[in-house]
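Me: I would like to learn how to read the features of a structure like this one, step by step. Could you take me through the general idea each time, and then the case at hand?

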Amino acid sequence: MNDHAPRRVAVLGSTGSIGRQALEVIKANRDVLSVVALVAGTDEDTLTSQARAFGVTRFGLGSGAAEEIAQLDDVDVVLNAVVGAAGLRASIAALEAGKVLALANKESLVAGGEICTQAAARGGGSIVPVDSEHAALFQCLSVQGSPVVSLVLTASGGPFRTRGDVANVTVEEALAHPTWSMGPKITVDSATLMNKGLEVIEAHHLFGFAYDDIDVVVHPQSVVHAAVRCADGTMVMQAAPPDMRLPIQAALTWPFPAAGVTSTIDLAEIGQLTFEPVEGSRFPSLALAYEAGRVGGSMPAVLNAANEEAVKAFLAERIGFADIPRIVADVMEAHDVTDVPSLEAVESADRVARQQTRRIIEQRVGVTS
Ligand SMILES: NC(=O)c1ccc[n+]([C@@H]2O[C@H](COP(=O)([O-])OP(=O)(O)OC[C@H]3O[C@@H](n4cnc5c(N)ncnc54)[C@H](OP(=O)(O)O)[C@@H]3O)[C@@H](O)[C@H]2O)c1
(Lines give C-alpha, C1' and ligand atoms only; values in the text may rest on other atoms or scores of the structure.)
Protein backbone atom coordinates (compact mmCIF):
# COMPACT_ATOMS: atom_id res chain seq x y z
CA MET A 1 0.00 0.00 0.00
CA ASN A 2 2.98 2.30 0.37
CA ASP A 3 3.03 3.17 -3.33
CA HIS A 4 -0.41 4.77 -3.05
CA ALA A 5 -1.78 7.88 -1.42
CA PRO A 6 -3.24 7.10 2.01
CA ARG A 7 -6.73 5.70 1.85
CA ARG A 8 -9.29 8.30 2.97
CA VAL A 9 -11.50 7.06 5.77
CA ALA A 10 -14.76 8.44 7.19
CA VAL A 11 -15.37 7.23 10.74
CA LEU A 12 -19.07 7.12 11.65
CA GLY A 13 -19.53 6.65 15.38
CA SER A 14 -16.04 8.02 16.09
CA THR A 15 -16.77 8.72 19.78
CA GLY A 16 -17.72 5.11 20.57
CA SER A 17 -15.68 2.07 21.46
CA ILE A 18 -15.03 0.96 17.85
CA GLY A 19 -14.70 4.55 16.60
CA ARG A 20 -11.99 5.42 19.13
CA GLN A 21 -10.06 2.23 18.39
CA ALA A 22 -10.35 2.97 14.67
CA LEU A 23 -8.73 6.37 15.20
CA GLU A 24 -5.87 4.62 17.04
CA VAL A 25 -5.45 2.23 14.11
CA ILE A 26 -5.43 5.11 11.62
CA LYS A 27 -2.85 6.96 13.72
CA ALA A 28 -0.62 3.86 13.76
CA ASN A 29 -0.94 3.49 9.96
CA ARG A 30 -0.55 7.11 8.81
CA ASP A 31 1.38 6.05 5.70
CA VAL A 32 -1.60 4.10 4.35
CA LEU A 33 -4.66 5.56 6.11
CA SER A 34 -5.96 9.06 6.74
CA VAL A 35 -9.16 10.19 8.42
CA VAL A 36 -11.11 12.79 6.45
CA ALA A 37 -14.52 12.92 8.16
CA LEU A 38 -16.07 12.08 11.53
CA VAL A 39 -19.60 11.55 12.81
CA ALA A 40 -21.01 10.99 16.30
CA GLY A 41 -24.50 10.81 17.81
CA THR A 42 -24.60 13.56 20.42
CA ASP A 43 -21.15 13.83 22.04
CA GLU A 44 -20.11 17.11 20.44
CA ASP A 45 -17.17 17.81 22.78
CA THR A 46 -15.38 14.55 22.01
CA LEU A 47 -16.18 14.87 18.32
CA THR A 48 -14.68 18.35 18.04
CA SER A 49 -11.58 17.41 19.98
CA GLN A 50 -11.09 14.38 17.70
CA ALA A 51 -11.54 16.62 14.64
CA ARG A 52 -8.92 19.01 16.01
CA ALA A 53 -6.48 16.21 16.83
CA PHE A 54 -6.74 14.70 13.33
CA GLY A 55 -7.06 17.97 11.40
CA VAL A 56 -10.50 16.95 10.10
CA THR A 57 -12.73 19.71 8.79
CA ARG A 58 -15.83 17.69 7.96
CA PHE A 59 -17.72 16.33 10.93
CA GLY A 60 -21.28 16.24 12.19
CA LEU A 61 -23.79 14.80 14.60
CA GLY A 62 -26.65 12.36 13.99
CA SER A 63 -27.86 9.86 11.39
CA GLY A 64 -28.35 12.59 8.74
CA ALA A 65 -24.69 13.62 9.00
CA ALA A 66 -23.64 9.95 8.80
CA GLU A 67 -25.67 9.44 5.63
CA GLU A 68 -24.27 12.60 4.03
CA ILE A 69 -20.64 11.92 4.92
CA ALA A 70 -20.88 8.26 3.81
CA GLN A 71 -21.23 9.41 0.19
CA LEU A 72 -18.65 12.20 -0.01
CA ASP A 73 -16.54 12.04 -3.19
CA ASP A 74 -13.21 12.17 -1.42
CA VAL A 75 -13.96 9.26 0.94
CA ASP A 76 -12.66 5.82 -0.05
CA VAL A 77 -13.63 3.77 3.01
CA VAL A 78 -16.60 4.33 5.30
CA LEU A 79 -16.23 2.75 8.73
CA ASN A 80 -19.76 2.42 10.07
CA ALA A 81 -19.41 2.10 13.86
CA VAL A 82 -22.73 3.73 14.73
CA VAL A 83 -24.73 1.64 17.19
CA GLY A 84 -28.17 0.34 16.23
CA ALA A 85 -30.44 0.58 13.20
CA ALA A 86 -29.65 4.33 13.21
CA GLY A 87 -26.68 3.29 11.06
CA LEU A 88 -28.73 1.70 8.26
CA ARG A 89 -29.11 4.74 5.99
CA ALA A 90 -25.38 5.45 6.13
CA SER A 91 -24.56 1.84 5.14
CA ILE A 92 -26.89 2.09 2.14
CA ALA A 93 -25.52 5.50 1.16
CA ALA A 94 -21.92 4.22 1.28
CA LEU A 95 -22.73 1.12 -0.80
CA GLU A 96 -24.71 3.12 -3.35
CA ALA A 97 -21.82 5.55 -3.69
CA GLY A 98 -19.46 2.65 -4.46
CA LYS A 99 -17.44 2.87 -1.25
CA VAL A 100 -15.73 0.13 0.71
CA LEU A 101 -17.98 -0.18 3.74
CA ALA A 102 -16.02 -1.40 6.76
CA LEU A 103 -19.01 -2.59 8.72
CA ALA A 104 -19.13 -2.79 12.50
CA ASN A 105 -22.79 -1.74 12.60
CA LYS A 106 -24.25 -5.26 12.36
CA GLU A 107 -27.77 -3.89 12.93
CA SER A 108 -27.64 -2.51 9.34
CA LEU A 109 -27.49 -6.01 7.94
CA VAL A 110 -29.92 -7.48 10.44
CA ALA A 111 -32.61 -4.89 9.75
CA GLY A 112 -31.89 -4.31 6.07
CA GLY A 113 -29.76 -7.18 4.74
CA GLU A 114 -31.48 -7.44 1.37
CA ILE A 115 -31.58 -3.70 0.73
CA CYS A 116 -27.89 -3.36 1.64
CA THR A 117 -27.06 -6.15 -0.83
CA GLN A 118 -29.16 -4.43 -3.51
CA ALA A 119 -27.49 -1.06 -2.80
CA ALA A 120 -24.07 -2.68 -3.23
CA ALA A 121 -25.14 -4.23 -6.54
CA ARG A 122 -26.51 -0.87 -7.77
CA GLY A 123 -23.64 1.32 -6.65
CA GLY A 124 -20.66 -1.03 -6.78
CA GLY A 125 -19.81 -0.75 -3.09
CA SER A 126 -18.48 -3.66 -1.09
CA ILE A 127 -18.84 -4.71 2.53
CA VAL A 128 -15.79 -5.71 4.54
CA PRO A 129 -16.77 -7.01 7.99
CA VAL A 130 -15.32 -5.49 11.16
CA ASP A 131 -17.07 -7.78 13.63
CA SER A 132 -14.29 -10.11 14.80
CA GLU A 133 -16.19 -13.32 13.98
CA HIS A 134 -17.05 -12.18 10.47
CA ALA A 135 -13.56 -10.82 9.86
CA ALA A 136 -12.36 -14.29 10.90
CA LEU A 137 -14.82 -15.99 8.54
CA PHE A 138 -13.76 -13.64 5.74
CA GLN A 139 -10.18 -14.83 6.32
CA CYS A 140 -11.11 -18.54 6.66
CA LEU A 141 -13.16 -18.40 3.46
CA SER A 142 -10.18 -17.03 1.54
CA VAL A 143 -8.12 -20.15 2.28
CA GLN A 144 -7.85 -22.38 -0.80
CA GLY A 145 -8.88 -25.99 -0.29
CA SER A 146 -11.89 -28.23 0.06
CA PRO A 147 -15.22 -26.36 -0.42
CA VAL A 148 -16.74 -24.83 2.71
CA VAL A 149 -20.04 -26.41 3.74
CA SER A 150 -20.88 -24.59 6.96
CA LEU A 151 -19.81 -21.79 9.28
CA VAL A 152 -19.14 -21.74 13.03
CA LEU A 153 -19.24 -18.54 15.10
CA THR A 154 -17.74 -18.60 18.57
CA ALA A 155 -19.33 -16.84 21.55
CA SER A 156 -17.56 -16.06 24.81
CA GLY A 157 -20.79 -16.90 26.64
CA GLY A 158 -20.72 -13.49 28.34
CA PRO A 159 -20.71 -12.84 32.09
CA PHE A 160 -23.56 -15.29 32.83
CA ARG A 161 -22.21 -18.38 31.06
CA THR A 162 -22.08 -20.32 34.32
CA ARG A 163 -24.67 -18.41 36.36
CA GLY A 164 -27.87 -20.37 36.88
CA ASP A 165 -30.45 -17.69 37.62
CA VAL A 166 -30.34 -14.40 35.73
CA ALA A 167 -33.56 -12.95 37.16
CA ASN A 168 -31.80 -10.48 39.48
CA VAL A 169 -28.87 -9.53 37.31
CA THR A 170 -27.88 -5.87 37.73
CA VAL A 171 -26.87 -3.48 34.96
CA GLU A 172 -23.37 -3.36 36.42
CA GLU A 173 -23.08 -7.17 36.29
CA ALA A 174 -24.37 -7.29 32.72
CA LEU A 175 -21.80 -4.67 31.68
CA ALA A 176 -18.87 -6.65 33.13
CA HIS A 177 -17.92 -8.64 30.03
CA PRO A 178 -15.22 -11.24 30.72
CA THR A 179 -13.11 -10.81 27.55
CA TRP A 180 -14.14 -7.73 25.51
CA SER A 181 -14.47 -4.04 26.39
CA MET A 182 -17.29 -2.62 24.25
CA GLY A 183 -20.13 -0.08 24.17
CA PRO A 184 -23.08 -0.70 26.55
CA LYS A 185 -25.64 -1.98 24.03
CA ILE A 186 -23.43 -4.68 22.51
CA THR A 187 -22.19 -5.65 25.99
CA VAL A 188 -25.76 -6.35 27.14
CA ASP A 189 -26.40 -8.15 23.81
CA SER A 190 -23.36 -10.32 24.55
CA ALA A 191 -24.73 -11.19 27.98
CA THR A 192 -28.11 -12.29 26.53
CA LEU A 193 -26.40 -13.86 23.48
CA MET A 194 -28.62 -11.70 21.26
CA ASN A 195 -25.33 -10.36 19.91
CA LYS A 196 -24.51 -13.83 18.62
CA GLY A 197 -27.99 -14.11 17.14
CA LEU A 198 -27.55 -10.79 15.32
CA GLU A 199 -24.19 -12.09 14.10
CA VAL A 200 -25.79 -15.26 12.72
CA ILE A 201 -28.13 -13.06 10.62
CA GLU A 202 -25.17 -10.87 9.65
CA ALA A 203 -23.20 -13.96 8.53
CA HIS A 204 -26.16 -15.17 6.47
CA HIS A 205 -26.22 -11.89 4.53
CA LEU A 206 -22.46 -11.48 4.23
CA PHE A 207 -21.59 -15.00 3.13
CA GLY A 208 -24.83 -16.42 1.72
CA PHE A 209 -25.03 -19.52 3.94
CA ALA A 210 -28.42 -20.94 5.02
CA TYR A 211 -29.30 -20.65 8.73
CA ASP A 212 -29.03 -24.45 9.09
CA ASP A 213 -25.39 -24.12 8.03
CA ILE A 214 -24.41 -21.45 10.55
CA ASP A 215 -23.64 -22.77 14.05
CA VAL A 216 -22.66 -21.15 17.32
CA VAL A 217 -20.33 -22.67 19.90
CA VAL A 218 -19.30 -21.22 23.25
CA HIS A 219 -15.55 -20.56 23.56
CA PRO A 220 -14.87 -18.66 26.79
CA GLN A 221 -11.28 -17.60 25.95
CA SER A 222 -12.34 -15.57 22.85
CA VAL A 223 -9.18 -16.56 20.99
CA VAL A 224 -10.71 -18.61 18.17
CA HIS A 225 -13.18 -16.20 16.55
CA ALA A 226 -14.74 -18.43 13.91
CA ALA A 227 -14.24 -21.59 11.90
CA VAL A 228 -15.40 -23.10 8.61
CA ARG A 229 -16.20 -26.76 8.02
CA CYS A 230 -15.01 -28.13 4.71
CA ALA A 231 -16.50 -30.89 2.56
CA ASP A 232 -13.52 -33.20 3.18
CA GLY A 233 -14.09 -33.13 6.96
CA THR A 234 -11.36 -30.62 7.78
CA MET A 235 -11.92 -27.30 9.55
CA VAL A 236 -10.17 -23.98 9.16
CA MET A 237 -10.15 -21.83 12.31
CA GLN A 238 -8.99 -18.28 12.85
CA ALA A 239 -7.31 -17.30 16.12
CA ALA A 240 -6.22 -13.88 17.34
CA PRO A 241 -6.04 -11.93 20.59
CA PRO A 242 -9.43 -10.50 21.61
CA ASP A 243 -8.51 -7.02 20.37
CA MET A 244 -10.88 -5.19 18.00
CA ARG A 245 -8.02 -3.13 16.56
CA LEU A 246 -7.02 -6.20 14.52
CA PRO A 247 -10.26 -6.64 12.54
CA ILE A 248 -10.63 -2.84 12.29
CA GLN A 249 -7.17 -2.59 10.75
CA ALA A 250 -7.79 -5.54 8.42
CA ALA A 251 -11.02 -3.95 7.16
CA LEU A 252 -9.59 -0.45 6.70
CA THR A 253 -6.54 -1.69 4.79
CA TRP A 254 -8.28 -4.52 2.87
CA PRO A 255 -7.23 -6.08 0.52
CA PHE A 256 -3.68 -5.09 1.42
CA PRO A 257 -1.98 -6.49 4.52
CA ALA A 258 -0.84 -4.04 7.22
CA ALA A 259 1.56 -4.43 10.10
CA GLY A 260 0.04 -5.87 13.26
CA VAL A 261 -1.29 -3.42 15.83
CA THR A 262 -0.95 -6.00 18.59
CA SER A 263 1.33 -8.91 19.36
CA THR A 264 0.24 -12.36 18.23
CA ILE A 265 -1.02 -15.07 20.58
CA ASP A 266 1.25 -17.45 22.44
CA LEU A 267 -0.49 -20.83 22.40
CA ALA A 268 1.74 -22.31 25.11
CA GLU A 269 0.96 -19.35 27.37
CA ILE A 270 -2.80 -19.73 26.77
CA GLY A 271 -2.48 -23.45 27.51
CA GLN A 272 -6.09 -24.40 26.94
CA LEU A 273 -8.76 -23.52 24.44
CA THR A 274 -12.16 -24.93 25.33
CA PHE A 275 -15.47 -25.22 23.48
CA GLU A 276 -18.95 -26.08 24.74
CA PRO A 277 -22.48 -26.08 23.36
CA VAL A 278 -24.82 -23.12 23.94
CA GLU A 279 -27.43 -23.89 26.58
CA GLY A 280 -30.39 -22.72 24.55
CA SER A 281 -32.86 -22.75 27.43
CA ARG A 282 -30.71 -20.22 29.36
CA PHE A 283 -30.15 -17.94 26.37
CA PRO A 284 -33.50 -17.69 24.51
CA SER A 285 -32.36 -14.64 22.52
CA LEU A 286 -30.22 -16.78 20.26
CA ALA A 287 -33.19 -18.95 19.22
CA LEU A 288 -35.29 -15.80 18.67
CA ALA A 289 -32.69 -14.47 16.25
CA TYR A 290 -32.51 -17.75 14.32
CA GLU A 291 -36.30 -17.72 14.12
CA ALA A 292 -36.39 -14.13 12.87
CA GLY A 293 -33.73 -14.89 10.28
CA ARG A 294 -35.55 -17.98 9.01
CA VAL A 295 -38.92 -16.17 8.84
CA GLY A 296 -37.25 -13.30 6.98
CA GLY A 297 -39.14 -10.31 5.54
CA SER A 298 -39.74 -7.68 8.21
CA MET A 299 -39.09 -10.05 11.13
CA PRO A 300 -35.32 -9.44 11.58
CA ALA A 301 -35.93 -5.66 11.62
CA VAL A 302 -38.62 -6.23 14.26
CA LEU A 303 -36.34 -8.45 16.34
CA ASN A 304 -33.63 -5.81 16.19
CA ALA A 305 -35.88 -2.85 17.01
CA ALA A 306 -37.56 -4.66 19.92
CA ASN A 307 -34.17 -5.68 21.27
CA GLU A 308 -32.76 -2.14 21.02
CA GLU A 309 -35.72 -0.74 22.95
CA ALA A 310 -35.67 -3.52 25.55
CA VAL A 311 -31.91 -3.13 26.13
CA LYS A 312 -32.38 0.64 26.51
CA ALA A 313 -35.07 0.00 29.14
CA PHE A 314 -32.83 -2.52 30.96
CA LEU A 315 -29.91 -0.04 30.98
CA ALA A 316 -32.30 2.57 32.43
CA GLU A 317 -33.22 -0.01 35.11
CA ARG A 318 -36.86 -0.03 34.03
CA ILE A 319 -37.05 -3.77 33.28
CA GLY A 320 -35.10 -6.83 34.42
CA PHE A 321 -32.44 -8.66 32.43
CA ALA A 322 -34.67 -11.71 31.89
CA ASP A 323 -37.44 -9.43 30.56
CA ILE A 324 -35.36 -8.57 27.48
CA PRO A 325 -35.94 -11.84 25.54
CA ARG A 326 -39.52 -12.11 26.84
CA ILE A 327 -40.38 -8.68 25.47
CA VAL A 328 -38.64 -9.36 22.15
CA ALA A 329 -40.58 -12.65 21.85
CA ASP A 330 -43.89 -10.87 22.58
CA VAL A 331 -43.24 -8.23 19.93
CA MET A 332 -42.24 -10.86 17.36
CA GLU A 333 -45.32 -12.92 18.12
CA ALA A 334 -47.64 -9.96 17.61
CA HIS A 335 -45.98 -8.98 14.33
CA ASP A 336 -47.57 -9.69 10.92
CA VAL A 337 -44.63 -10.38 8.64
CA THR A 338 -44.42 -8.34 5.45
CA ASP A 339 -41.89 -8.11 2.63
CA VAL A 340 -39.41 -5.29 3.08
CA PRO A 341 -38.52 -4.38 -0.48
CA SER A 342 -37.47 -0.82 0.36
CA LEU A 343 -35.74 1.24 3.02
CA GLU A 344 -39.09 2.85 3.82
CA ALA A 345 -40.64 -0.57 4.48
CA VAL A 346 -37.77 -1.55 6.81
CA GLU A 347 -38.01 1.77 8.65
CA SER A 348 -41.76 1.41 8.99
CA ALA A 349 -41.41 -2.12 10.48
CA ASP A 350 -38.71 -0.78 12.81
CA ARG A 351 -40.89 2.15 13.93
CA VAL A 352 -43.99 0.05 14.61
CA ALA A 353 -41.95 -2.54 16.52
CA ARG A 354 -40.39 0.17 18.71
CA GLN A 355 -43.83 1.62 19.54
CA GLN A 356 -45.12 -1.84 20.39
CA THR A 357 -42.05 -2.58 22.55
CA ARG A 358 -42.43 0.68 24.46
CA ARG A 359 -46.10 -0.11 25.07
CA ILE A 360 -45.25 -3.55 26.45
CA ILE A 361 -42.54 -2.03 28.64
CA GLU A 362 -44.96 0.59 30.00
CA GLN A 363 -47.46 -2.16 30.84
CA ARG A 364 -44.80 -4.22 32.63
CA VAL A 365 -43.45 -1.24 34.55
CA GLY A 366 -47.02 -0.36 35.50
CA VAL A 367 -47.64 -3.89 36.78
CA THR A 368 -44.42 -4.12 38.82
CA SER A 369 -44.33 -0.58 40.30
N1 LIG B 1 -17.35 -2.47 20.66
C2 LIG B 1 -16.98 -3.58 20.07
O3 LIG B 1 -15.99 -4.21 20.46
C4 LIG B 1 -17.76 -4.11 18.88
C5 LIG B 1 -17.37 -5.32 18.30
C6 LIG B 1 -18.04 -5.76 17.18
C7 LIG B 1 -19.08 -5.03 16.64
N8 LIG B 1 -19.45 -3.87 17.24
C9 LIG B 1 -20.57 -3.10 16.67
O10 LIG B 1 -20.12 -1.79 16.37
C11 LIG B 1 -21.18 -0.84 16.56
C12 LIG B 1 -20.70 0.21 17.57
O13 LIG B 1 -20.46 -0.42 18.80
P14 LIG B 1 -19.69 0.33 19.98
O15 LIG B 1 -19.45 -0.71 21.00
O16 LIG B 1 -18.54 1.10 19.43
O17 LIG B 1 -20.85 1.32 20.49
P18 LIG B 1 -20.72 2.64 21.37
O19 LIG B 1 -19.45 2.63 22.14
O20 LIG B 1 -21.99 2.80 22.09
O21 LIG B 1 -20.59 3.79 20.27
C22 LIG B 1 -21.64 4.07 19.39
C23 LIG B 1 -21.26 5.22 18.48
O24 LIG B 1 -22.39 5.51 17.64
C25 LIG B 1 -22.69 6.92 17.74
N26 LIG B 1 -24.11 7.12 17.46
C27 LIG B 1 -25.17 6.69 18.19
N28 LIG B 1 -26.32 7.06 17.59
C29 LIG B 1 -25.97 7.73 16.47
C30 LIG B 1 -26.70 8.36 15.43
N31 LIG B 1 -28.04 8.40 15.43
N32 LIG B 1 -26.01 8.95 14.42
C33 LIG B 1 -24.66 8.95 14.41
N34 LIG B 1 -23.91 8.36 15.37
C35 LIG B 1 -24.57 7.77 16.37
C36 LIG B 1 -22.27 7.26 19.16
O37 LIG B 1 -22.13 8.67 19.32
P38 LIG B 1 -22.23 9.37 20.79
O39 LIG B 1 -20.97 8.98 21.51
O40 LIG B 1 -22.28 10.81 20.48
O41 LIG B 1 -23.45 8.80 21.43
C42 LIG B 1 -20.94 6.52 19.22
O43 LIG B 1 -19.95 7.21 18.54
C44 LIG B 1 -22.38 -1.65 17.06
O45 LIG B 1 -23.20 -1.96 15.97
C46 LIG B 1 -21.75 -2.93 17.61
O47 LIG B 1 -22.62 -4.03 17.55
C48 LIG B 1 -18.82 -3.39 18.34
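Me: How many salt bridges does a search of the whole structure find?

Reply: A salt bridge here is a side-chain nitrogen of Lys or Arg within 4 Å of a carboxyl oxygen of Asp or Glu, and a search of the whole structure finds 27 of them. This is a predicted model, in which local features need pLDDT of at least 70 and side-chain atom pairs count only at pLDDT 80 or more, while totals for chains, interfaces and linings use all residues. Side-chain values use heavy atoms, with hydrogens and water left out, and residues are numbered from 1 along each chain as its sequence is written.

Me: Which residue forms a salt bridge with Glu-107?

Reply: Lys-185 does, with the closest N and O atoms 2.8 Å apart. Helices (H or I, at least four residues) and strands (E, at least two) are DSSP runs, numbered from the N terminus. Lys-185 lies in helix H8 and Glu-107 in helix H5 (residues 106-123), so the pair ties together parts that are 78 residues apart in sequence.

Me: Which residues come nearest to the ligand?

Reply: A residue is near a molecule if one of its heavy atoms lies within 4 Å of it; of the 27 residues around the ligand, Thr-15, Gly-41, Thr-42, Asp-43 and Glu-107 come nearest. An N or O atom in the side chain of Glu-107 is 2.7 Å from an oxygen atom of the ligand, and a backbone N or O atom of Asp-43 likewise lies 2.7 Å from a ligand oxygen. A polar side-chain atom of Ser-63 lies 3.0 Å from a nitrogen atom of the ligand.

Me: How is the chain divided into domains, and how should I read the area buried between domain 2 and domain 3?

Reply: By an automatic or database domain assignment, the chain is divided into domain 1 (7-130), domain 2 (131-243 + 265-291) and domain 3 (296-369). The size of an interface is often given as the accessible area lost when the parts come together. With a 1.4 Å probe and the loss summed over both parts, the area buried between domain 2 and domain 3 is about 1,500 Å², of which carbon and sulfur atoms give 82%. The count of salt bridges between domain 2 and domain 3 is zero.

Me: Which elements give two or more residues to the side of domain 2 that touches domain 3?

Reply: They are helix H7 (171-174), helix H8 (184-192), helix H9 (194-207) and helix H12 (284-295), with the largest share, six residues, coming from H8.

Me: Where is Leu-193 found, and what is its phi?

Reply: Leu-193 is found in the loop between H8 and H9, and its phi is near 75 degrees, a positive value in a residue other than glycine.

Key. Buried area = accessible area lost by both parts, 1.4 Å probe. Polar contact = N/O pair within 3.5 Å; in protein donor to acceptor, adjacent residues only side chain to side chain.
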